[in-house]
Amino acid sequence: MTIEELYRIGALYRDQLATFRAQIQLCGSGTCRSAGAEELQRAFETACEEAGVRAEIRVVMTGCMGLCGSGPLVRIEPGDTMYVHVSPQDAPRIVRDHVLENSPVTEQRLPDDNTFYGRQTPVVLEHMGRIDPESIEDYIAHGGYEALAKAVTYQTPESIILEIRHAGLRGRGGGGYATGLKWDIVRRGSAEQKYVVCNADEGDPGAFMDRAMLEGNPHSILEGMAIAGYAVGATQGFVSVRGEYPLAVQRMRRAIAEAERKQLLGNRIFDSGFSFRVDLRMGAGAFVCGEETALLRSIEGKRGQPAPRPPYPSHAGLWEKPTVVNNVETFANVAPIIRRGARWFGEIGTARSKGTKVFALAGRVRNTGLIEVPMGTTLREVIFDIGGGISGDGTFKAVQTGGPSGGCIPEQHLDIPVDYESLAQAGSIMGSGGIIVMDNSSCMVDIASYFMEFCRTESCGKCVPCRVGTVQMSRILERIKCGRATEQDMETLEELCVMVKDTSLCGLGQAAPNPVISALHFFRPEFERHYRDHVCDAGICRFDDPEHGVEPAHEKGEGAHA
Amino acid sequence: MHEIRTLSIDGQMISASADATILEAAREHGISIPTLCHLDGLSDVGACRLCLVEIEGQNRLQPACVTRVEEHMVVRTTSARLKKYRRMLLELLFSEGNHVCAVCVANRNCELQNLAADAGMDHVRFDYLHPACTTDATHDRFVLDHNRCILCARCVRVCDEIEAASTLAVAGRGSQSWIVSDLQDSWGDARSCTSCGKCLLVCPTGSLFEKGHTSTDPERKEDFLRYIVNANRRKG
């Protein structure tokens, strides 16, 4: 493969696309699939056949289009017209009126001036929901692998790292560590063998950014990994995908095979001296394996448990070799930066947080789905403009960011910009990108208890504060929920929060108390009403049930695991 | 020639080899830091968190067992906060298992018990979890009592790193973690076990013991620990 060949493949495919009279793109994300996207695809194909235009119309299943709460989604090109809640019965009419007669069907049509898409800045999601994720040619036709070609042909590893550093790209998994700096440490490592690892072990409840990207545009991740490999001197990459994402695994596997067939992965990429291979690893359902040291142990085939840092993976990672570990979204940002330059990227976002961030917007908002906004956008804009405000007739109560490691942010902080520092200041974290909006039907004690229970069951059990502390905190929260807690319990809970945060080995344990700490900070009266007055304003907690809140016997040993 | 680092631990100026951990440097100079999962001669995992120390200029507490000394480092091994955390950690351990000292083979010879006494622990503020644990007495000579296990995984490491049998491992997760032999077989059926008994010698509590021993036995393991350490050094 040479650059010329790459351009030729792209041009050929674009010519091929141009021969179609129109395109009917169907969102193929998990949500739209469960709402009947596959049936809908057949309905559109049949409708085209019946209209005698099957060969002239391209009906294609794409990745996630974003507006998940309104699926199944359909886009008609040319014109970029979106239809929401499309059913198979609508297919003939859309084909006849819109595709053939060019008079868009008014019902179900998403207005062009909608705030959902209008307020977004797609960088990593630019081609998501527009290209066929199973076709490498479609990716190439949209400029795919040009950044890799440019990198290995014209740029030195040092200049790529400089470009990434100038762009100000920071880790999108939530930590926010400077990506260029991390790469530079690995590049300087003297080891002969180095690795690039893509952390796709997404586990936060309500978060589906990585999944959408893996399913919707897997090549953009592979391209980012290959560029990282070239920059740091690694020849082997691993994508560690959560085992619960079968479609993502399938798409990624196919993408790797196609890239190898096109010699975009493998030996002497673009006839340079650079060789890079990528292997796929599947997680076995442990949240803690999203923690980088645990992830690496799991790739090595060992028990997925975190190890103390230092040494950091950049010094001693996979099999003790220098290893770049980045999140899916971080890698997806790489090719756009190399293609369009650090200056372009640096103009998006805030002074310290550059670029965009992808969020999975969920909970009590009108428009739930996958969004991408410039860093610095306020939470209010995200929830009320893009999200369309609170669904139903509820009122806004709090927004949860960062999942089980994050916190709840109340109304008075809604105008803070979304960036690493501001969210941390408000008592939450950026996290990997889950945003859960809550209205007054949510009980903050219940939410805090839910996340603590999550951490309790996901603790690996290695270090004492996380393993036992989460059990004890969970029990106290459960007691508050059923009105059996005492003032002493509250004191113990707060002591444990601080202690578990300060003493746990890895990020999971250190951050496990965050949802409780932030709930206590902003919603303490609600806790007090629970344990003093036995009142739950949201009406979720029960105080009269003698059985409620009695935990099942705590078991371990053979019986518990049979 | 070894590179030397100069640092301060609890106000005492000391020098240590550049590859020494804070724990090694401290102990060499008679400064004691409580540990439980650490054992000289085995790899360190930083799991019990008892050896956490304060390092000036760092926000996070660091485990002394895996943190290397650095030039001009200022370390505090004890403070009101550290004392409180250590006691809470021990209380959590006591709350987690079924530690009935009166009938325990390790009574008065137990590292957990000694640490609790050192920490001035007179009660446990947390709920006793009273887990329903089993005891595996299927092995000819040895017993594994999960009630007394604190999951320090010393037995797992000695089995892997010294005896190279890798019979013992941790299964399950979180508070449901437990020590298993082979593929969750009964210990008696674990064919990889060489019956060397090293796991018994490194167990800090009475979780692993030889059949026939009771709480009245004065026997203790310090000599054996030293033996293992030396064996490991010679190996290295």
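Of the 236 residues in chain B, 44% count as buried. Keep in mind that this is a predicted model.

Staying with chain B, the secondary structure comes to six helices and 10 strands. Along the principal axes, the C-alpha atoms of chain B fill a box of roughly 55 × 45 × 35 Å. As for contacts inside chain B, take the ones between residues at least 6 apart in sequence: 62% of these join residues at least 24 apart.

Next, the interface. Here 35 residues of chain B are in contact with 32 residues of chain A. On the chain B side, two elements give two or more residues, namely α2, 80–96, and β8, 168–171. The most comes from α2(B), with seven residues. By class, that side of chain B has 20 nonpolar, 10 polar and five charged residues.

Now chain A. The domain assignment divides it into domain 1 (17–114), domain 2 (144–346), domain 3 (356–439) and domain 4 (444–558). I will take the last pair. The centres of domain 3 and domain 4 of chain A, over C-alpha atoms, are separated by 23 Å. Domain 3 puts 11 residues into the contact, and domain 4 puts in 15 residues. On the domain 3 side, β11 (396–401) and β12 (407–410) of chain A are the elements that give two or more residues, and β12(A) gives the most, with three residues. What classes do the residues on that side of domain 3 divide into? Five are nonpolar, six are polar and none is charged.

Terms used. Residues numbered from 1 in each chain as written. Chains lettered and ligands numbered in written order. Predicted model: local features only at pLDDT ≥ 70, side-chain atom pairs only at ≥ 80, totals over all residues. Contact = placed C-beta atoms within 7 Å. Helix = DSSP H or I, 4+ residues; strand = E, 2+ residues; numbered from the N terminus. Nonpolar A, V, L, I, M, F, W, Y, C, P; charged D, E, K, R; others polar. Buried ≥ 20, exposed ≤ 12 C-beta atoms within 10 Å, placed from the backbone. Domains from an automatic or database assignment.
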